[in-house]
Amino acid sequence: MVSPDTIRTAIGVVGNGTALVLFLSPVPTFIRIWKKGSVEQYSAVPYVATLLNCMMWVLYGLPAVHPHSMLVITINGTGMAIELTYIALFLAFSLGAVRRRVLLLLAAEVAFVAAVAALVLNLAHTHERRSMIVGILCVLFGTGMYAAPLSVMKMVIQTKSVEYMPLFLSLASLVNGICWTAYALIRFDLYITIPNGLGVMFAVAQLILYAIYYKSTQQIIEARKRKAVAMTDVESGAAAKNNPSSGAAANGRY
């Protein structure tokens, strides 16, 4: 018979895969930044926030804090490397005040995590106490990260369009949340359960919105295409009126 720990490990491996998909989802954005040589109006805040979340979970997964959490360390360590790459690219293609702000945020995050690690490891002397302190912080930061799609969901309701809420990412978020919630419930871990349980709720809400507004989204896109075609025809007609010689040439008058 398969042991609960084996099932938990298998689920954690799947969770690692889905989380990796989510970490890599901004790649098209950074390809665009690379090609244009500018960050344009993009914000570094999501990547800085995700980096902080990953650093806190790596701290949580350390054997000195919460033993038997290697899968938590592997995926969040990978996430740290990915987010640092994004931030490095952002810094390379940003200027002035924007670059300074990102550098300050980055320095503040590193100092904060280092301070938490030093205080927890030196002042809390049991795994339970260390797990509780770091776990509560992880819940706060993790919930904030999972709640980020709320602004997109608000836009979907206002515009009645899911054009800027990709179905693939919503599905990946749902599978990721389910995997890590199941992982946490097999050997109960409140601090992993709360943010990932909320992540499942937010992902389900996104999929419900997708089902509600999919048809209206297609109608909006089709209307936009028809409008673009109509405007092209109007511009072509106006150009022909302003250049009658082309019409004369077409009629063989020259």
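1. Thr217 has its place in helix α9, which covers residues 190–242; helices here are DSSP runs of H or I with at least four residues, numbered from the N terminus. This is a predicted model, in which local features need pLDDT of at least 70 and side-chain atom pairs count only at pLDDT 80 or more, while totals for chains, interfaces and linings use all residues. Residues are numbered from 1 along each chain as its sequence is written, and side-chain values use heavy atoms, with hydrogens and water left out.

2. Thr217 counts as buried because its relative accessibility is 2%, where buried means under 20% relative accessible area, exposed over 50%, and partly exposed in between, with a 1.4 Å probe and protein chains only. Apart from neighbours within four places in sequence, Thr217 is in contact with Lys160, Ser161, Val162 and Glu163, contact being heavy atoms within 4.5 Å.

3. Helix α1, residues 4–24, has 21 residues and reaches 30 Å from its first C-alpha to its last, close to the 30 Å expected at 1.5 Å a residue; the expected span is 1.5 Å times one less than the number of residues.

4. The buried residues of α1 are Arg8, Gly12, Gly15, Asn16, Thr18, Ala19 and Phe23, and what covers them includes α3 (45–61), α4 (70–92) and α8 (167–186).

5. Leu20 also has its place in helix α1, but Leu20 counts as partly exposed because its relative accessibility is 33%.

Note on methods. Helices (H or I, at least four residues) and strands (E, at least two) are DSSP runs, numbered from the N terminus.
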